[in-house]
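Please look over the structure below before reading the notes that follow it.

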Amino acid sequence: MVVGSRIKEERLKREMSQQQLGDLLGVTKVSVCGYENGTRTPTMETFLKLINILNIEPNYILGRDVDVVCEGETKYVKKMSKLDLAIIKEIKKYPKLYNKLCSDLNRTVELMDRRIN
């Protein structure tokens with residue numbers, strides 16, 4: 001959903017309607033709406049047009065706007081979204097949940113999903 005919210009944010013900063021952006025991209029207003037709502041994914045060609053039209057970095061629109069240093073034998077930097085970092089930070093406030101996720105990630109997430117639904 002980060003991609004969609006960033007597309008909308010950048011479009012609104014430029015005071016463009018969905019129709020205007022769609023015309024520039026060569027797609028319909030419905031397609032732009034779908035990109036913004038996360039129900040459609042632009043083709044690579046459309047994505048490249050989008051970042052050029054809105055004059056934004058690909059990593060930003062993909063939600064990879066925070067550098068995270070990973071340590072081990074080799075140090076490297078990875079891009080991560082602010083939302084992903086906020087989720088991790090919030091989960092860490094609940095040590096039992098955090099430990100359960102660390103010990104059995106897939107099963108714990110499946111149980112949480114069932115509980116929500």
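This is a predicted model: local features need pLDDT of at least 70, side-chain atom pairs count only at pLDDT 80 or more; totals for chains, interfaces and linings use all residues.

Residues are numbered from 1 along each chain as its sequence is written, and side-chain values use heavy atoms, with hydrogens and water left out.

**Helix α4**
- Helix α4 covers residues 44-54, and its buried residues are Thr-46, Phe-47, Leu-50, Ile-51 and Leu-54, where buried means under 20% relative accessible area and exposed means over 50%, with a 1.4 Å probe and protein chains only; helices are DSSP runs of H or I with at least four residues, numbered from the N terminus.
- Seen down the axis of α4, these buried residues fall within an arc of 135°, so they line one face of the helix, the arc being that of the directions from the helix axis to the C-beta atoms.
- On the other side of α4, Met-44, Glu-45 and Asn-52 are exposed.
- Just after α4, Asn-55 takes a positive phi of about 55°.

**Residue Thr-108**
- Thr-108 lies in helix α8, which spans residues 105-116, and is buried, with a relative accessible area of 6%.
- The side chain of Thr-108 reaches the backbone oxygen of Asp-104 at 2.8 Å.
- Apart from neighbours within four places in sequence, Thr-108 is in contact (heavy atoms within 4.5 Å) with Leu-97, Lys-100 and Leu-101.

Conventions. Helices (H or I, at least four residues) and strands (E, at least two) are DSSP runs, numbered from the N terminus. A polar contact is a pair of N or O atoms within 3.5 Å; within protein, one must be able to donate a hydrogen and the other to accept it, and residues adjacent in sequence count only if both atoms are side-chain atoms.
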